[in-house]
Amino acid sequence: GCFNIHASLLPRWRGAAPIHRAILAGDAETGVTIMRMEAGLDTGPMLSAGRVPIGPETTTPELHDTLAALGARLIVPAIDAVAEGTAVETPQPEAGVTYAAKIGPEDERIDWADAVAVDRQIRALTPRPGAWFLHEGERIKVLAAVPAHGSGEPGTVLDGQLTVACGHGAIRLTRLQRPGKAPVPARDLLNGFPIPAGTRLG
């Protein structure tokens with residue numbers, strides 16, 4: 001048979017983008033499941049699993065590397081157990097099934113409704129494909145941000161540090177990238193591409 005290192009705690013986040021979806025959903029933890037492959041999408045029986053926390057600053061690249069290392073540690077004893085005939089294969093529970101759809105364009109544009117959700121979106125999509133907003137016709141990627149204080153109309157820049165009001169809360173954009181240019185800290189971007197307080201980001 002064939003075996004797979006799947007980057008989630010199955011049956012949660014079956015499918016193509018389990019790491020991104022776990023961060024987007026605000027999951028407190030995720031992990032790796034060693035599973036036997038079958039015809040269904042990530043539906044096969046489980047041989048073992050390991051858990052890792054998702055912190056408030058965890059990004060997709062960081063979580064990917066952590067899960068890759070965990071998967072490498074888990075796969076060898078799992079395959080050894082199969083070879084020795086001692087493996088225990090546990091069917092996935094029917095409760096708790098979710099699907100991790102591939103990240104698409106509809107996931108990338110920032111909706112300034114909720115600062116917590118925007119923070120998760122930025123951490124989940126950095127550095128590629130990247131969460132973005134429109135300003136002066138340019139699609140500006142946001143690669144890092146931190147929670148902030150402030151209030152105003154959603155999408156409105158509140159100060160000279162790129163603090164942006166959301167429907168709930170506010171967020172400060174700290175690392176950005178213009179099309180065709182290198183990622184830079186917010187202050188460097190603002191030096192050559194002003195986004196003054198009061199600007200409404202699209």
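**Pairing, edges and a pocket**

Reader: What makes strand 7 and strand 9 (residues 170–177) a pair that runs antiparallel?

Author: In this predicted model, seven bridges join strand 7 to strand 9, and the two run antiparallel. One of the contacts can be named: Ala148 has Ala170 in strand 9 as its bridge partner.

Reader: How do you know that strand 6 (residues 131–135) and strand 7 pair, and in which sense?

Author: Strand 6 and strand 7 are linked over five bridges in the antiparallel sense, and because at least two are required, they count as paired. His135 has Glu138 in strand 7 as its bridge partner, and the hairpin that these strands form has two residues between them, with Glu136 taking a positive phi near 50°.

Reader: Why are strand 1 (3–6) and strand 4 (46–53) said to stand at the edges?

Author: They belong to an open sheet of three strands, in the order 1-3-4 and with antiparallel pairing. Strand 1 and strand 4 each have a single partner strand, so one side of each is left without a neighbour in the sheet, and that is what places them at the edges. Neighbouring strands of this sheet are turned by 10° against each other on average, direction ignored.

Reader: What makes strand 1 and strand 3 (residues 29–36) a pair?

Author: Strand 1 and strand 3 share four bridges in the antiparallel sense, and the requirement is at least two, so the pairing holds. Within it, His6 stands opposite Thr33 in strand 3.

Reader: Why is the largest pocket said to lie between domain 1 (3–100) and domain 2 (105–195)?

Author: Both domains give residues to the lining of the largest pocket, so the pocket lies between them. Its volume is about 190 Å³, and 13 residues line it, of which Pro56, Glu57, Asp119, Arg123 and Ala145 lie nearest its centre. A residue is counted in the lining if it has an atom within 4 Å of a pocket point.

Reader: Which elements supply at least two residues of that lining, and what is its make-up by class?

Author: Helix 3 (115–125) and strand 7 (138–148) each supply at least two, and strand 7 gives the most, with five residues. By class, the lining has seven nonpolar, two polar and four charged residues.

Key:
Residues are numbered from 1 along each chain as its sequence is written. This is a predicted model: local features need pLDDT of at least 70, side-chain atom pairs count only at pLDDT 80 or more; totals for chains, interfaces and linings use all residues. Side-chain values use heavy atoms; hydrogens and water are left out. On a 1 Å grid over the protein atoms alone, a cavity is a set of points where a 1.4 Å probe fits but cannot get out, and a pocket is an open set with protein on both sides within 12 Å along at least five of seven lines; lining residues have an atom within 4 Å of a point. Grid points are joined across faces, edges and corners, and a volume is the space filled by probe spheres set on the points. Ala, Val, Leu, Ile, Met, Phe, Trp, Tyr, Cys and Pro count as nonpolar, Asp, Glu, Lys and Arg as charged, and the others, Gly among them, as polar. Domain bounds come from an automatic or database domain assignment. Axes are lines fitted to C-alpha atoms, for helices over the stretch in contact, and angles run from 0 to 180 degrees between N-to-C directions.
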